[in-house]
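Please walk me through this model.

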Amino acid sequence: MGSMDECWSLENGESMVKGSNKLVLTTHNLSASSLRKPSDCALLSSVRWKLMKHFLGNLQEVVLGTKLYVLFPTIPLVIFAKFLHLGRPWIFALSLLGLALLAERVSFLTEQISLYTGPTVGGLLNATCGNAAELIIALLALHKRKIDMVKYSLLGSILSNILLVLGSSLFCGGLANLGKEQKYDRKQADVNSLLLLLGLFCHMFPLMFRCGSTFVPDNATLQLSRTCSIVMLITYAAYLIFQLKTHRQFFEAQVEETDLDDAVVTEEAVIGFKSAVAWLVGMTAVVALLSEYLVGTIEDASTSWGISVSFISIILLPIVGNAAEHSGAIIFAFKNKLDISLGVALGSATQISMFVIPLTVIVGWIMGIEMDLDFNLLETGSLAFSILITAFALQDGTSHYMKGLVLMLCYIAIGACFFLLKHPIKSSHDITLGVGVSSSGGTVVA
């Protein structure tokens with residue numbers, strides 16, 4: 001522990017009360033830490049100026065403290081490409097890679113802040129900022145009135161977590177532990193499955209209301225969506241109380257004594273509180289900038305690559321944007337720590353379904369944009385069957401590679417479906433003007 005205290009002094013130029021900052025070990029923390037790199041304090045020993053040590057120490061932790069540091073050059077490259085008006089598909093691709101890195105770094109900085117604020121506030125930060133990149137992309141797309149893109153990207157994030165991430169984790173974990181009995185605690189999985197089913201329930205009402213009623217009053221679907229969104233946000237608030245207060249033990253990672261070499265049960269901060277806040281604000285601003293580039297160039301990338309916008313939004317964005325978190329889930333599945341993998345996949349899907357999606361509806365309401373929960377029949381059907389298949393796969397508390405294979409194959413089938421679905425993204429402005437798409441692909445004005 002002494003070396004860590006020395007490293008703190010070198011990097012931050014300030015002292016720390018030993019043992020004062022402890023981190024409650026959650027599945028999110030453990031998964032995120034799988035991509036972290038330990039600091040080399042010897043690099044700072046030759047620096048004499050205190051302020052320079054402080055800056056270089058923070059720079060080392062924030063920039064070089066991840067195995068994804070090789071992606072940092074994509075951030076200045078995308079700004080350079082945007083400034084020189086280079087190919088918009090390249091801007092889209094570089095923005096996507098930059099966001100993959102920044103999503104992991106925002107998670108790291110949130111974790112550092114939680115070391116000072118305590119487990120409850122820290123857990124609340126993780127519960128609200130865990131999908132910060134997806135939320136920012138959705139809000140920017142909403143601001144540009146690209147409602148279909150908002151729906152596609154958020155739907156894709158849920159599908160990616162419960163089918164691809166969870167499926168690949170169970171599959172890889174099953175193959176790597178063929179001779180071991182794979183079990184996990186069903187309590188956390190049951191709670192998340194229940195919330196996902198409630199979210200699906202609220203998603204289906206506007207669709208059934210629109211398709212099943214002979215007479216639908218004007219804006220009735222929109223009003224129903226807003227009512228359901230309020231219900232979902234109230235439920236998510238209750239879930240936070242359940243997760244952070246009354247039943248916290250369900251969501252804390254259970255680490256055995258034999259696993260202490262693979263994971264640190266308690267962790268001390270490596271950068272100061274003010275520094276962490278400053279870096280978090282700066283990186284959030286960069287995430288917003290790259291998200292704006294991403295939203296503005298997605299149609300050009302779709303045209304240039306010959307791939308539908310629906311496929312890019314539902315499949316590519318979630319895979320690349322959550323790559324760091326996904327890889328962590330798979331790594332712990334290899335170690336037969338399925339509770340961590342399930343906590344990452346299901347927890348992220350629950351946050352998107354019960355917090356991010358209804359929040360976009362409410363924000364759209366405030367902005368005067370008609371964002372609703374009607375995701376159309378194909379999208380809602382894909383979500384419904386995915387949640388049901390996942391719930392059935394997790395009902396017995398045991399796992400094997402066949403369950404993971406089935407979930408991954410479901411994801412591939414959905415990906416093929418949206419790869420063949422080719423139609424442009426409609427905005428609320430287009431809908432208001434009565435702009436539609438003809439069967440031949442042309443634009444029709446009603």
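Y116 counts as partly exposed, because its relative accessibility is 27%. Here buried means under 20% relative accessible area, exposed means over 50%, and partly exposed lies in between, with a 1.4 Å probe and protein chains only. F273 is partly exposed too, at a relative accessible area of 37%. This is a predicted model, in which local features need pLDDT of at least 70 and side-chain atom pairs count only at pLDDT 80 or more, while totals for chains, interfaces and linings use all residues. Residues are numbered from 1 along each chain as its sequence is written, and side-chain values use heavy atoms, with hydrogens and water left out.

The structure holds eight aromatic pairs. Rings of Phe, Tyr and Trp (its six-membered ring) pair if their centres lie within 6.5 Å; planes under 30 degrees apart are stacked, over 60 edge-to-face, and the rest tilted. Y116 and F273 make an edge-to-face pair, 5.7 Å centre to centre with 65° between the planes. This pair links distant parts of the chain: Y116 sits in helix α5 (residues 88-117), F273 in helix α11 (residues 273-305), and they are 157 residues apart. Helices (H or I, at least four residues) and strands (E, at least two) are DSSP runs, numbered from the N terminus.

Now take a second pair. The rings of Y236 and Y239 have centres 5.7 Å apart and planes at 45°, so this pair is tilted. Both residues lie in helix α10 (residues 220-246); they are three residues apart, and therefore separated by about one helical turn. Are Y236 and Y239 buried or exposed? Y236 is buried, with a relative accessible area of 4%. Y239 is buried as well, at 7%. Ring pairs join Y236, Y239 and F355 into a cluster.

Return to helix α5, which also holds S95. S95 counts as buried, because its relative accessibility is 0%. Contact means heavy atoms within 4.5 Å. Leaving aside neighbours within four places in sequence, S95 is in contact with V78, L290, Y293 and L294.

Helix α7 (residues 132-143) and α11 pack at about 50°, with their axes 9 Å apart. That makes α7 oblique to α11. Axes are lines fitted to C-alpha atoms, for helices over the stretch in contact, and angles run from 0 to 180 degrees between N-to-C directions. Angles under 35 degrees count as roughly parallel, over 145 as roughly antiparallel, 65 to 115 as roughly perpendicular, and the rest as oblique. The α7 and α11 crossing is right-handed. A crossing is left-handed if the near helix is turned anticlockwise from the far one by less than a right angle, and right-handed if clockwise.

The next helix pair is α9 (residues 186-212) with α14 (residues 338-367), packed at about 25° with axes 9 Å apart. They are therefore roughly parallel to each other. Their crossing is left-handed. Residues of α9 in this contact include L195, L196 and H203, and those of α14 include L342, L346 and M354.

Finally, the whole chain. The protein chain has 17 helices and four strands. Buried residues make up 51% of its 446 residues. Among contacts between residues at least 6 apart in sequence, 84% join residues at least 24 apart.
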